[in-house]
Amino acid sequence: MFPATDLQRQVFYSIMDLTLFGEHTSKPVDTISAVADLKRKHTSWNYVEGTHWHTRFSHLINYGAGYYSYLYARCFATTIWQEVCQGDPLSRSTGSAIRDKFLRHGGAKDPSVLLKDFAGDSVIKNSGGGIIPDISSLCKEVGL
(Lines give C-alpha, C1' and ligand atoms only; values in the text may rest on other atoms or scores of the structure.)
Protein backbone atom coordinates (compact mmCIF):
# COMPACT_ATOMS: atom_id res chain seq x y z
CA MET A 1 0.00 0.00 0.00
CA PHE A 2 2.76 2.49 0.85
CA PRO A 3 4.54 2.38 -2.54
CA ALA A 4 1.22 3.04 -4.26
CA THR A 5 0.47 5.95 -1.91
CA ASP A 6 3.92 7.40 -2.51
CA LEU A 7 3.48 7.08 -6.27
CA GLN A 8 0.06 8.73 -6.07
CA ARG A 9 1.61 11.64 -4.12
CA GLN A 10 4.39 12.05 -6.69
CA VAL A 11 1.90 12.00 -9.57
CA PHE A 12 -0.23 14.58 -7.77
CA TYR A 13 2.79 16.86 -7.21
CA SER A 14 3.70 16.51 -10.87
CA ILE A 15 0.21 17.34 -12.10
CA MET A 16 0.06 20.27 -9.69
CA ASP A 17 3.43 21.55 -10.89
CA LEU A 18 2.47 21.29 -14.55
CA THR A 19 -0.87 22.97 -13.88
CA LEU A 20 0.65 25.89 -11.98
CA PHE A 21 3.80 26.38 -14.09
CA GLY A 22 2.94 24.87 -17.47
CA GLU A 23 1.54 26.63 -20.49
CA HIS A 24 -1.28 29.02 -19.65
CA THR A 25 -3.68 31.30 -21.34
CA SER A 26 -3.29 35.01 -20.65
CA LYS A 27 -5.64 34.97 -17.64
CA PRO A 28 -4.25 34.44 -14.10
CA VAL A 29 -4.68 31.10 -12.34
CA ASP A 30 -6.45 30.82 -8.99
CA THR A 31 -3.92 28.52 -7.32
CA ILE A 32 -6.12 27.69 -4.34
CA SER A 33 -8.99 26.44 -6.51
CA ALA A 34 -6.64 24.72 -8.95
CA VAL A 35 -4.85 22.75 -6.19
CA ALA A 36 -8.15 21.88 -4.46
CA ASP A 37 -9.65 20.60 -7.73
CA LEU A 38 -6.54 18.56 -8.56
CA LYS A 39 -6.45 17.02 -5.10
CA ARG A 40 -10.11 16.01 -5.33
CA LYS A 41 -9.68 14.55 -8.83
CA HIS A 42 -6.32 12.80 -8.51
CA THR A 43 -5.88 11.69 -4.91
CA SER A 44 -7.66 9.72 -2.23
CA TRP A 45 -7.03 12.48 0.34
CA ASN A 46 -9.53 15.14 1.25
CA TYR A 47 -8.74 18.77 0.55
CA VAL A 48 -8.89 20.84 3.74
CA GLU A 49 -10.41 24.25 3.06
CA GLY A 50 -8.36 27.25 4.17
CA THR A 51 -5.00 25.47 4.52
CA HIS A 52 -3.20 26.69 1.37
CA TRP A 53 -0.40 24.19 2.07
CA HIS A 54 0.89 24.46 -1.50
CA THR A 55 2.17 27.98 -0.77
CA ARG A 56 4.69 26.41 1.64
CA PHE A 57 5.64 23.50 -0.63
CA SER A 58 9.08 24.83 -1.57
CA HIS A 59 9.76 22.16 -4.20
CA LEU A 60 7.45 24.03 -6.56
CA ILE A 61 9.61 27.14 -6.24
CA ASN A 62 13.06 25.54 -6.04
CA TYR A 63 12.60 23.06 -8.88
CA GLY A 64 10.56 25.22 -11.22
CA ALA A 65 8.45 23.28 -13.69
CA GLY A 66 10.45 20.10 -13.35
CA TYR A 67 9.03 18.23 -10.39
CA TYR A 68 7.80 15.43 -12.63
CA SER A 69 11.46 14.50 -13.31
CA TYR A 70 11.38 12.41 -10.10
CA LEU A 71 8.90 10.10 -11.77
CA TYR A 72 10.98 9.93 -14.95
CA ALA A 73 14.09 9.05 -12.94
CA ARG A 74 12.19 6.41 -10.99
CA CYS A 75 10.92 4.85 -14.23
CA PHE A 76 14.46 4.73 -15.64
CA ALA A 77 15.91 3.35 -12.40
CA THR A 78 13.36 0.54 -12.09
CA THR A 79 13.81 -0.41 -15.74
CA ILE A 80 17.60 -0.48 -15.34
CA TRP A 81 17.27 -2.55 -12.17
CA GLN A 82 14.86 -5.07 -13.69
CA GLU A 83 16.54 -5.33 -17.11
CA VAL A 84 20.23 -5.18 -16.16
CA CYS A 85 20.92 -5.53 -12.45
CA GLN A 86 18.28 -7.65 -10.73
CA GLY A 87 19.62 -11.04 -11.85
CA ASP A 88 23.02 -10.59 -10.25
CA PRO A 89 23.58 -6.99 -9.13
CA LEU A 90 27.01 -7.59 -7.59
CA SER A 91 28.50 -9.58 -10.46
CA ARG A 92 31.51 -8.44 -12.45
CA SER A 93 29.47 -8.43 -15.67
CA THR A 94 26.80 -6.13 -14.19
CA GLY A 95 29.46 -3.76 -12.84
CA SER A 96 31.30 -3.78 -16.17
CA ALA A 97 28.08 -3.02 -18.04
CA ILE A 98 27.35 -0.07 -15.74
CA ARG A 99 30.89 1.25 -16.18
CA ASP A 100 31.30 0.62 -19.91
CA LYS A 101 27.84 1.36 -21.25
CA PHE A 102 26.68 4.04 -18.83
CA LEU A 103 29.31 5.81 -16.73
CA ARG A 104 32.34 5.84 -19.02
CA HIS A 105 30.96 8.50 -21.34
CA GLY A 106 30.29 11.16 -18.71
CA GLY A 107 28.49 14.00 -20.43
CA ALA A 108 29.88 13.18 -23.89
CA LYS A 109 26.89 11.12 -25.08
CA ASP A 110 23.23 11.98 -25.29
CA PRO A 111 21.48 10.56 -22.17
CA SER A 112 18.73 8.93 -24.25
CA VAL A 113 21.37 7.08 -26.29
CA LEU A 114 23.09 5.94 -23.08
CA LEU A 115 19.81 4.67 -21.64
CA LYS A 116 18.94 2.72 -24.80
CA ASP A 117 22.45 1.24 -25.10
CA PHE A 118 22.40 0.23 -21.45
CA ALA A 119 18.85 -0.97 -20.79
CA GLY A 120 17.45 -1.63 -24.27
CA ASP A 121 15.40 0.30 -26.81
CA SER A 122 12.16 0.01 -24.85
CA VAL A 123 13.45 2.06 -21.87
CA ILE A 124 12.31 5.28 -23.59
CA LYS A 125 10.17 6.47 -26.45
CA ASN A 126 10.75 9.65 -28.45
CA SER A 127 7.77 11.99 -28.56
CA GLY A 128 7.47 15.55 -29.81
CA GLY A 129 11.17 16.33 -29.51
CA GLY A 130 11.39 14.85 -26.01
CA ILE A 131 11.49 11.45 -24.38
CA ILE A 132 8.91 9.44 -22.47
CA PRO A 133 10.03 6.71 -20.06
CA ASP A 134 8.61 3.21 -20.19
CA ILE A 135 6.36 2.97 -17.14
CA SER A 136 5.87 -0.80 -17.15
CA SER A 137 8.80 -1.54 -14.81
CA LEU A 138 7.65 1.03 -12.29
CA CYS A 139 4.08 -0.26 -12.44
CA LYS A 140 5.38 -3.80 -11.88
CA GLU A 141 7.49 -2.67 -8.92
CA VAL A 142 4.57 -1.00 -7.14
CA GLY A 143 2.14 -3.79 -8.02
CA LEU A 144 -0.05 -1.98 -10.54
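Some ground rules. Residues are numbered from 1 along each chain as its sequence is written, and side-chain values use heavy atoms, without hydrogens or water. Because the model is predicted, local features need pLDDT of at least 70 and side-chain atom pairs count only at pLDDT 80 or more, while totals for chains, interfaces and linings use all residues.

I'll start with the cores. A nonpolar core here is a set of buried Ala, Val, Leu, Ile, Met, Phe, Trp, Tyr and Cys residues joined through side-chain atoms within 4.5 Å. Buried means under 20% relative accessible area, exposed means over 50%, and partly exposed is in between, with a 1.4 Å probe and protein chains only. The largest nonpolar core has nine residues: Phe-76, Ile-80, Cys-85, Ala-97, Leu-115, Phe-118, Ala-119, Val-123 and Ile-124. Helix H4 (69–85) and helix H6 (111–119) each supply at least two residues of this core.

Next, H4. H4 has 17 residues and reaches 22 Å from its first C-alpha to its last, close to the 24 Å expected; the expected span is 1.5 Å times one less than the number of residues. Its buried residues are Leu-71, Cys-75, Phe-76, Thr-78, Thr-79, Ile-80 and Cys-85. What do the buried residues of H4 pack against? They pack against helix H1 (2–21), H5, H6, S1, S2 and helix H7 (136–142). Contact means heavy atoms within 4.5 Å.

Now H6. Here Ser-112, Leu-114, Leu-115, Phe-118 and Ala-119 are buried. Why are they on the same side of H6? Because they cover an arc of only 160° around the axis, taken from the directions from the helix axis to the C-beta atoms. Their cover includes H4, helix H5 (92–103), S1 and S2. After H6 comes Gly-120, with a positive phi near 105°.

On to the hairpin. Strand S1 (residues 124–127) and strand S2 (residues 130–133) pair in the antiparallel sense over four bridges; pairing requires at least two DSSP bridges. Ser-127 is opposite Gly-130, and Asn-126 has Ile-131 as its bridge partner. Two residues lie between the strands, and Gly-128 takes a positive phi near 55°.

Last, the rings. The structure holds four aromatic pairs. Rings of Phe, Tyr and Trp (its six-membered ring) pair if their centres lie within 6.5 Å; planes under 30 degrees apart are stacked, over 60 edge-to-face, and the rest tilted. Phe-12 and Tyr-13 form a tilted pair, 6.1 Å centre to centre with 50° between the planes. Phe-12 is buried at 1% relative accessibility, and Tyr-13 is buried at 13%. The rings of Tyr-72 and Phe-76 are edge-to-face, because their planes are at 90°, with centres 6.3 Å apart. Tyr-72 is partly exposed at 28%, whereas Phe-76 is buried at 13%.
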